[in-house]
Amino acid sequence: QLTPASFLRIGQLSNVDLNEDIRELETEVPRQHPNEIPHNEKLLSLKYESLDYDNSENQLFLEEERRINHAAFRTVEIKRWVICAMIGILTGLVACFIDIVVENLAGLKYRVVKGNIDKFTEKGGLSFSLLLWATLNASVVMVGSVIVAFIEPVAAGSGIPQIKCYLNGVKIPHVVRLKTLVIKVCGVILSVVGGLAVGKEGPMIHSGAVIAAGISQGRSTSLKRDFKIFEYFRRDTEKRYFVSAGAAAGVSAAFGAPVGGVLFSLEEGASFWNQFLTWRIFFASMISTFTLNSVLSVYHGNAWDLSSPGLINFGRFDTEKMGYTIQEIPIFIFMGVVGGILGALFNALNYWLTMFRIRYIHRPCLQVVEAMLVAAVTATVGFVMIYCSRDCQPIQGSTVAYPLQLFCADGEYNSMATAFFNTPEKSVVNLFHDPPGSYNPMTLGMFTLMYFFLACWTYGLTVSAGVFIPSLLIGAAWGRLFGISLSYLTKGSIWADPGKYALMGAAAQLGGIVRMTLSLTVIMMEATGNVTYGFPIMLVLMTAKIVGDYFVEGLYDMHIQLQSVPFLHWEAPVTSHSLTAREVMSTPVTCLRRIERVGTVVDILSDTSSNHNGFPVVESNPDATQVAGLRGLILRSHLIV
């Protein structure tokens with residue numbers, strides 16, 4: 001007998017979008033919270049399904065394809081270009097929104113705290129300023145963490161591992177929903193304003209992917225609206241092509257690097273690639289960086305000069321005085337080695353931390369408390385470092401946004417404050433471009449050490465945040481320190497410019513953490529607007545990747561593995577050549593015959609042991625002597641419809 005409950009069970013096993021309402025019922029089951037969740041990262045999780053990349057060939061599909069004539073195919077092609085342009089425009093606008101809101105809110109926060117510190121420096125009682133700063137940070141981060149932990153947990157982190165899985169062909173629940181986009185954007189604004197050691201660049205990639213998935217499908221599950229446009233693209237193949245375009249548009253909006261975006265999509269993302277795709281993705285990236293550029297230029301009041309191509313602008317490096325000589329090549333290689341070792345250390349620490357989080361900090365309320373704790377600690381560390389630093393620099397000729405005087409003489413500012421009392425993006429640019437002598441080596445050393453642990457602790461919190469900028473900042477700090485010590489050793493020769501080594505250090509550190517080679521080289525070249533350093537950056541990144549891979553895998557791959565996602569790598573494991581399919585299949589195989597009774601189909605669908613999403617269809621022959629011949633495959637979603 002078919003009770004409604006057994007129908008619900010059939011619906012639950014499926015992962016198609018047809019039964020949204022049924023899937024909502026599933027989530028209302030009360031969950032018991034154990035204290036420790038035993039987590040084994042060697043096992044694969046059952047909650048992930050694959051995207052159906054190949055079209056399911058059957059008579060209906062073939063008839064539908066035959067109905068489409070030549071003109072209709074033309075319009076489909078035009079629609080593809082239109083969608084790519086829309087992806088670019090919307091991604092650029094989202095990036096503008098994030099940038100403008102962060103700039104205004106962070107500026108407000110820093111002005112309040114600076115006024116407070118200046119007031120209390122004169123009459124004593126600086127602990128009030130510390131309290132104010134820590135409370136502001138913790139409360140902002142609390143809001144950002146609550147929306148992520150309680151409304152949409154997929155929006156946590158940078159979203160790059162999730163998009164990587166999606167493009168690899170693994171369907172991660174809710175990863176390209178509109179709700180995820182809203183939470184992601186709000187969350188990243190709040191976490192950057194809350195002063196955490198995070199960047200707003202990583203989440204742009206996720207945002208671009210969500211925008212692409214939403215536009216190309218012409219409907220929204222979160223709004224429960226269907227706009228009845230672009231219905232031809234409602235298949236996983238097409239959706240995935242557009243998502244890779246969205247990810248590329250996100251990269252190019254974040255760094256002002258359209259070519260870097262295309263290469264990122266190619267290197268980190270898609271497992272399937274074709275020639276037309278490259279051109280369309282490049283188009284989307286170009287449009288996205290142009291949109292961002294024009295809107296931000298109008299916002300900054302110089303409408304015609306298009307001066308801000310990306311969210312982060314490393315500023316222009318002056319090529320005349322900043323070439324490199326042949327004897328610097330070994331130095332660059334050495335920096336790559338250091339970056340690889342530090343990156344491997346970062347990843348190993350983050351691995352243990354994430355294992356601890358999965359086991360013990362799995363309730364949303366605990367996650368929010370941890371995020372607030374990190375925010376308060378970050379503010380406290382920053383304050384104590386500024387307070388203890390006696391490194392004063394003259395104010396004139398410097399480009400500091402919020403100069404803190406504290407205990408310096410009049411007309412001077414505290415140089416530790418330029419590093420901590422600022423959004424990370426600005427700090428990176430300062431480290432690249434401040435003239436030699438504007439930082440004390442002691443200041444830089446302490447800053448690198450502290451920021452390394454803060455960034456490591458922050459990545460993997462339940463807030464939306466990228467790891468790009470913090471790793472660039474750590475690398476730029478130790479790279480500049482390296483450059484200062486070099487010029488000290490060589491008695492201040494012209495080639496030992498600290499800014500150049502800051503750039504190499506930043507590349508080495510980022511390469512050591514995320515292990516991207518090709519796309520990262522191009523992104524760094526486009527963001528600095530300088531081709532001269534192409535070779536050194538490539539050397540540094542390759543060295544960092546080789547050294548880092550010797551110890552531990554990249555941060556994103558590690559997080560994919562920790563979430564037990566069945567991710568397929570480029571190559572099969574070496575030992576797998578001797579395996580055959582029958583050794584890994586479960587027996588007996590659940591098959592359907594060509595003519596089948598409804599009862600049998602319902603039984604197979606509601607049987608929990610055969611939780612498959614596709615079933616082989618075999619020839620229904622009366623005598624059991626011959627082997628049944630395979631006729632094709634039918635998906636669970638088709639059967640349910």
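Predicted model: local features only at pLDDT ≥ 70, side-chain atom pairs only at ≥ 80, totals over all residues.
1. Overall content. The protein comprises 24 helices and nine strands. Of its 641 residues, 52% count as buried. Among contacts with a separation of 6 or more, 77% are between residues 24 or more positions apart.

2. Packing of α4 on α7. Helix α4 (residues 70-123) packs against helix α7 (residues 178-193) at an angle of about 30 degrees, and their axes lie 9 Å apart. Angles under 35 degrees count as roughly parallel, so α4 is roughly parallel to α7. The crossing of α4 past α7 is right-handed. On the α4 side the contact is formed by V94, F97, I98, V101, V102, L105, A106 and K109, and on the α7 side by V185, V188, I189, V192 and V193. By class, the residues of this contact divide into twelve nonpolar, no polar and one charged.

3. Packing of α6 on α9. The axes of helix α6 (residues 160-168) and helix α9 (residues 236-255) come within 10 Å and cross at roughly 150 degrees. The cut-off for roughly antiparallel is an angle over 145 degrees, which means that α6 is roughly antiparallel to α9. This crossing of α6 and α9 is left-handed. Helix α6 contributes I163, Y166, L167 and N168 to the contact, while α9 contributes K239, R240, V243, S244 and A247. The contact of α6 with α9 holds five nonpolar, two polar and two charged residues.

4. The loop residue V176. V176 lies in the loop between β2 (170-171) and α7. With a relative accessible area of 15%, V176 is buried, because the threshold for burial is under 20%. Leaving aside residues up to four places away in sequence, V176 touches Y166, A209, V210, A213 and K239. Of these, Y166 and K239 also take part in the contact between α6 and α9. The C-alpha atoms of V176 and I211 are 7.9 Å apart in space, although the two residues are 35 apart in sequence.

5. Helix α8. This helix (residues 202-217) has 16 residues, and the distance from its first C-alpha to its last is 24 Å, close to the 22 Å expected at 1.5 Å a residue. Helix α8 is mostly covered, with 15 of its 16 residues buried. Just after α8, G218 adopts a positive phi of about 65 degrees.

6. Helix α17. The end C-alpha atoms of helix α17 (residues 468-489) are 31 Å apart, which agrees with the 32 Å that its 22 residues should span at 1.5 Å a residue. Helix α17 is mostly covered as well, as 17 of its 22 residues are buried. K491 follows α17 and has a positive phi, near 55 degrees.

7. Packing of α18 on α19. Helix α18 (residues 498-514) and helix α19 (residues 518-528) pack at an angle of about 150 degrees, with 11 Å between their axes. The two helices are therefore roughly antiparallel to each other. Helix α18 passes α19 in a right-handed crossing. In this contact L503, A506, A507, L510 and G511 of α18 meet L520, M524 and T528 of α19. The residues comprise six nonpolar, two polar and no charged.

8. The residue R515. R515 is located in the loop between α18 and α19. Its phi is near 60 degrees, a positive value in a residue other than glycine. R515 is buried, at a relative accessible area of 5%.

9. The residue S564. A further positive phi in a residue other than glycine is found at S564, where the value is near 55 degrees. S564 is placed in the loop between α21 (555-562) and α22 (581-584). Its relative accessibility is 7%, so S564 counts as buried.

Note on methods:
Residues numbered from 1 in each chain as written. Heavy atoms only, no water. Axes fitted to C-alpha atoms, helices over the stretch in contact; angles between N-to-C directions. Helix = DSSP H or I, 4+ residues; strand = E, 2+ residues; numbered from the N terminus. Parallel < 35°, antiparallel > 145°, perpendicular 65-115°, else oblique. Left-handed = near helix turned anticlockwise from the far one by under 90°. Contact = heavy atoms within 4.5 Å. Nonpolar A, V, L, I, M, F, W, Y, C, P; charged D, E, K, R; others polar. Expected span 1.5 Å × (residues − 1). Buried < 20%, exposed > 50% of the residue type's maximum accessible area, 1.4 Å probe, protein only.
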